[in-house]
Structure formats: structure tokens, C-alpha cells
Amino acid sequence: MDEDQLEDFQKITSEDMSTLDIGLSKCYTPRHGIIFFNDANEPVASMSICFECMKISLYPNPSETPTKKYDEKKAMKQLSVLKKIIEKTEFPVND
């Protein structure tokens, strides 16, 4: 990711993503993944994404205690931003 993509990614992942953690559907066959490494080249965080069922899985998971408010509109916006980041990196995204 370039700096702008990383900044967009950090903004979206700093929000409550618990609705996407639950998912908007239930197929969850993630086809995209992002792994973050520290300076020692050790994996420290990851995200798996299924754009078809609109679910993500984060490690570490900041939403382990889901919010009581299920916010589909917010989740769709978050997923849209993530999809744009993935597309900018030129990884394929199937519709």
C-alpha cells in the first residue's frame, strides 16, 4: 500500500467495525487478506475480507465485544472504502 492507501486503511480500521465482524450475510469465504509485519518482519495483525457476504475477520480483533448497534449503512461504507483500497493495489475484486 502507498501512504494514502495506508492512511485510508488506518482511518477505517480505527472505527467500530463490529457490524462487519458479524457480517451482513453468512457465506464467509474470504478471498482477500492483508497481513501487517513489524520491523523484525514478524506478522502482527491481519484482515481477511469476503466482499460477497460483506464480512471481515480481524486479528487482533478490536470488536470482540460487539456493539449493541447493528449499523448496516456504516458497514457498507467501511466495506466500500476497503474495496477501493484493494482495487488501488490492483488486486482483483469480483463483483
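Visitor: Where is the place of P60 in the chain?

Guide: P60 sits in the loop between strand 3 and helix 3. Note that this is a predicted model. The peptide bond joining Y59 and P60 is cis, with omega at about -10°.

Visitor: How are A45 and P60 placed, in sequence and in space?

Guide: A45 and P60 are 15 residues apart in sequence, and their C-alpha atoms are 6.1 Å apart. A45 belongs to strand 2. Apart from neighbours within four places in sequence, A45 is in contact with I34, I35, F36, Y59 and P60.

Visitor: Why is A45 called partly exposed?

Guide: Its relative accessible area is 22%. Buried means under 20% and exposed means over 50%. The value for A45 falls in between, so A45 is partly exposed.

Visitor: Which elements does the protein chain have, and how do they run?

Guide: There are three helices and three strands. From the N terminus on, the order is α-α-β-β-β-α.

Visitor: What is the mean pLDDT of the protein chain, and which of its elements have the lowest and the highest?

Guide: The chain mean is 80, and 88% of the residues reach 70 or more. Among the elements, helix 2 (residues 18–22) has the lowest mean pLDDT, 80, while strand 2 (residues 43–50) has the highest, 88.

Visitor: How many aromatic pairs does a search of the whole structure find?

Guide: The search finds one aromatic pair. The rings belong to F9 and F36, with centres 5.2 Å apart and planes at 35°.

Visitor: What makes F9 and F36 a pair, and why is the pair called tilted?

Guide: Ring centres must lie within 6.5 Å, and those of F9 and F36 are 5.2 Å apart, so the two rings pair. Planes under 30 degrees apart would count as stacked and planes over 60 as edge-to-face.

Visitor: Which parts of the chain does the pair link?

Guide: The pair links distant parts: F9 is in helix 1 (residues 3–13) and F36 is in strand 1 (residues 32–37), 27 residues apart.

Visitor: Are F9 and F36 buried or partly exposed?

Guide: F9 has 6% relative accessibility, which is under the 20% limit, so F9 counts as buried. F36 has a relative accessible area of 24%, between 20% and 50%, and is therefore partly exposed.

Visitor: Which residues are closest to the centre of the largest pocket, and what is its volume?

Guide: The volume of the largest pocket is about 230 Å³. Of the 12 residues lining this pocket, F9, T13, F36, A45 and L58 are the closest to its centre. Helix 1, strand 2 and strand 3 (55–59) each give two or more residues to the lining. Helix 1 provides the largest share, four residues.

Visitor: How many nonpolar, polar and charged residues does the lining of the largest pocket have?

Guide: By class, the lining has nine nonpolar residues, three polar residues and no charged residues.

Visitor: How do you know that K55 counts as buried?

Guide: K55 has 16% relative accessibility, under the limit of 20%, so K55 counts as buried. K55 lies in strand 3. Leaving out neighbours within four places in sequence, its contacts are L20, D21, I22, G23, Y28, S48, I49 and C50.

Visitor: Why does Q5 count as buried?

Guide: At 8% relative accessibility, Q5 is under 20% and therefore buried. Q5 is found in helix 1. Beyond residues up to four places away in sequence, Q5 touches I85, K88 and T89.

Visitor: What makes K73 exposed?

Guide: Exposed means over 50%, and the relative accessible area of K73 is 73%, so K73 is exposed. K73 lies in helix 3 (residues 72–88).

Visitor: Which residues other than glycine have a positive phi, and where do they lie?

Guide: One of them is N41, with phi near 65°, in the loop between strand 1 and strand 2. M54 also has a positive phi, about 60°, and is placed in the loop between strand 2 and strand 3.

Technical notes. Residues numbered from 1 in each chain as written. Predicted model: local features only at pLDDT ≥ 70, side-chain atom pairs only at ≥ 80, totals over all residues. Heavy atoms only, no water. Phe/Tyr/Trp six-rings, centres within 6.5 Å; stacked < 30°, edge-to-face > 60°. Buried < 20%, exposed > 50% of the residue type's maximum accessible area, 1.4 Å probe, protein only. pLDDT = per-residue confidence, 0-100. 1 Å grid on protein atoms, 1.4 Å probe; cavity = no way out; pocket = protein on both sides within 12 Å on 5 of 7 lines; lining within 4 Å. Points joined across faces, edges and corners; volume = space filled by probe spheres on them. Nonpolar A, V, L, I, M, F, W, Y, C, P; charged D, E, K, R; others polar. Contact = heavy atoms within 4.5 Å.
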